[in-house]
Amino acid sequence: MSFIPTVDLAAWRTGDPAVRRDIAESVDGALRTAGFLQATGHGVALEERAAIRRAARGFFHLPAEAKQAYAVKVGDRGWLGPGAEANAYAEGGESPPDMKESFSFVSDEPTGDPAVDAEWFRPNVWPDEVPELRAPVESYLRRMRTLSDRILELLGTVLRDDSGFFTRHTKHPTWGFNINWYPGTGRVGPAAPGQFRIGPHTDFGTVTVLDREPGAGGLQVYTDEHGWQDAPYDPSAFTVNVGDLMARWTDGRWRSGRHRVLPPPEHAPDEELMSLVYFYDCDPGTDVRGIDSHAYLRSQLTAITAD
């Protein structure tokens, strides 16, 4: 069995007790060792993801001066250009900035609390040059919110036999969504020593739901037993990992999935990959084993901002 097992969410919902028990054991074991799963049975069509990629590619291939109009810092809504982010900084590591560009969207439905809304629930930015991006992204974000809660219900059942254990704290949660673009060496040049498309790190929230493309410069996952390994790929599956808040919430039973994205391969200079990354958190003000969840999130977002 792969160190990252595939979980059929439809089978979890409809299976008999023996099927559900097997799934629960697989989930618990994987999150103890790697912090990663693959999820099928989610109901999100491949074409929905392809539509976002088609529109986003139009933005990323714009001239730099056009994209600059949307430039922001990490954690805000808009374009993160080359050199904006260095994920390895969150681990205290030294590395050059990540070799990617991103367009970021963040939770945008106001709570009615002016202070909370000013920090976490402001309107998103939509690039005028690619108006076809907005509709598929907004539809996808609704699906990701629903899917993330379904995953949290599974995890609550596995951990405490309580499907609402986590979702009681996702009534009005924060989330982030990055469209990450990884150009090839033909555009960005060879990697500097210690440089990655995304440096080694763990995510910060509860769960991350990732739709990715296969490539030579792709995702690797770290385990204590095997070190760095290429993550298995299934085009029908989402790659799911737990983040720092979830690891803390479980008192360390489940590990925050450590991962990286390899630098663009010199032997495939034209490789261009795009990932759709949905980061799910919890309601502002949630106490996670003695820490303020959103004070932690803000500190980590600040930490990965490259100077």
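## Sheet

Two strands count as paired if DSSP finds at least two bridges between them, and strands (E, at least two residues) and helices (H or I, at least four) are DSSP runs numbered from the N terminus. The model is a predicted one, in which local features need pLDDT of at least 70 and side-chain atom pairs count only at pLDDT 80 or more, whereas totals for chains, interfaces and linings use all residues. Residues are numbered from 1 along each chain as its sequence is written, and side-chain values use heavy atoms, with hydrogens and water left out.

Eight strands form an open sheet with mixed pairing, in the order β1-β2-β10-β7-β12-β5-β4-β3. β1 (6-8) and β3 (78-80) each have a single partner strand and stand at the edges, so one side of each is left without a neighbour in the sheet. From one strand to the next the twist averages 25°, where axes are lines fitted to C-alpha atoms (for helices over the stretch in contact) and angles run from 0 to 180 degrees between N-to-C directions. β1 runs parallel to β2 (residues 36-40), and three bridges join the two strands; V7 has A39 of β2 as its bridge partner.

## Helix packing

Helix α3 (residues 46-60) packs on the sheet, where it touches β3, β4 (101-106), β5 (175-182), β7 (207-211), β10 (238-242) and β12 (273-280), contact meaning heavy atoms within 4.5 Å. The direction of α3 makes about 110° with that of β12.

The axes of helix α2 (residues 17-33) and helix α6 (residues 134-160) come within 10 Å and cross at roughly 90°. α2 and α6 are therefore roughly perpendicular to each other, a label given to angles of 65 to 115 degrees. On the α2 side the contact is made by R20, A24, V27, D28 and L31, and on the α6 side by L154, L155, T157 and V158. By class, this contact has six nonpolar, one polar and two charged residues, with Ala, Val, Leu, Ile, Met, Phe, Trp, Tyr, Cys and Pro counted as nonpolar, Asp, Glu, Lys and Arg as charged, and the others, Gly among them, as polar.

## Cavities

On a 1 Å grid over the protein atoms alone, a cavity is a set of points where a 1.4 Å probe fits but cannot get out, a pocket is an open set with protein on both sides within 12 Å along at least five of seven lines, and lining residues have an atom within 4 Å of a point.

## Largest pocket

The largest pocket has a volume of about 270 Å³. It is lined by 14 residues, and D108, E109, L141, R142 and W175 are the closest to its centre. α6 supplies the largest share of the pocket lining, four residues, and the lining as a whole divides into six nonpolar, three polar and five charged residues.

Definitions and conventions: Parallel < 35°, antiparallel > 145°, perpendicular 65-115°, else oblique. Points joined across faces, edges and corners; volume = space filled by probe spheres on them.
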